[in-house]
Amino acid sequence: MPPKFKRHLNDDDVTGSVKSERRNLLEDDSDEEEDFFLGPSGPRFGPRNDKIKHVQNQVDEVIDVMQENITKVIERGERLDELQDKSESLSDNATAFSNRSKQLRRQMWWRGCRIKAIMALVAVTLLLVIIILIVMKYRT
């Protein structure tokens, strides 16, 4: 959730450069106490009040847009965090898969070697049996 922003500022929050900007916007050098963002201190009508309201509306719109932007940035950051977590998880899973596949490959290689060794032993045994039978037949 984005931080809460001040919608209105008082004279303590406004610095000297902003005060001169306020004077230029209001186009009046009167000594009456006015707050630039809050409008005139008393009810007035006319072009000055309209200008102040117009500026206040613009400031409110900018504040709303900035709050929306900050909310979007925070949501984007959360989505990026989720994506980073998912990518780390996928990387860990890929590493584990790679390790298990290497282990399985070795197991299958040894199994293949055992089968070949057993087949070779059976073949040698059969050859010996055949040779022994042939030798016994010629001896008698």
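Of the 140 residues of the protein, 12% count as buried. The structure is a predicted model, and the values below are computed from it.

**Overall architecture**

The protein contains two helices and two strands, which follow one another along the sequence in the pattern α-β-β-α. The accessible surface amounts to about 12,100 Å², and carbon and sulfur atoms account for 61% of that area. Where contacts between residues at least 6 apart in sequence are considered, 46% join residues at least 24 apart.

**The annotated segment**

The UniProt record, an unreviewed entry, assigns the feature "transmembrane region" to residues 115-136. In the model, the chain over residues 115-136 is 100% helix and 0% strand.

M136 lies in helix α2, which covers residues 47-139. With a relative accessible area of 53%, M136 is exposed, because the threshold for that class is over 50%. M136 also belongs to a nonpolar surface patch, together with V124, L128 and I132. The accessible area of these residues together is about 390 Å².

**The aromatic pair**

How many aromatic pairs does a search of the whole structure find? The search returns one aromatic pair. The pair is formed by W109 and W110, whose ring centres are 4.9 Å apart and whose planes stand at 75 degrees. The arrangement is therefore edge-to-face, since planes over 60 degrees apart are placed in that class. A pair of aromatic rings is described by the distance of the centres and the angle of the planes. Of the two partners, W109 has a relative accessibility of 53% and so counts as exposed.

**Exposed residues discussed above**

The table sets out the accessibility values given for W109 and M136.

| Residue | Relative accessible area | Class |
|---|---|---|
| W109 | 53% | exposed |
| M136 | 53% | exposed |

Notes. Residues numbered from 1 in each chain as written. Predicted model: local features only at pLDDT ≥ 70, side-chain atom pairs only at ≥ 80, totals over all residues. Heavy atoms only, no water. UniProt positions renumbered as here; feature names shortened; annotations may be inferred. Helix = DSSP H or I, 4+ residues; strand = E, 2+ residues; numbered from the N terminus. Patch = residues over 30% accessible without salt bridge, like charges linked within 9 Å, V, L, I, M, F, W, Y side chains within 5 Å. Areas by Shrake-Rupley, 256 points an atom, 1.4 Å probe, with all protein chains shown as cover. Salt bridge = Lys/Arg side-chain N within 4 Å of Asp/Glu carboxyl O. Buried < 20%, exposed > 50% of the residue type's maximum accessible area, 1.4 Å probe, protein only. Contact = heavy atoms within 4.5 Å. Phe/Tyr/Trp six-rings, centres within 6.5 Å; stacked < 30°, edge-to-face > 60°.
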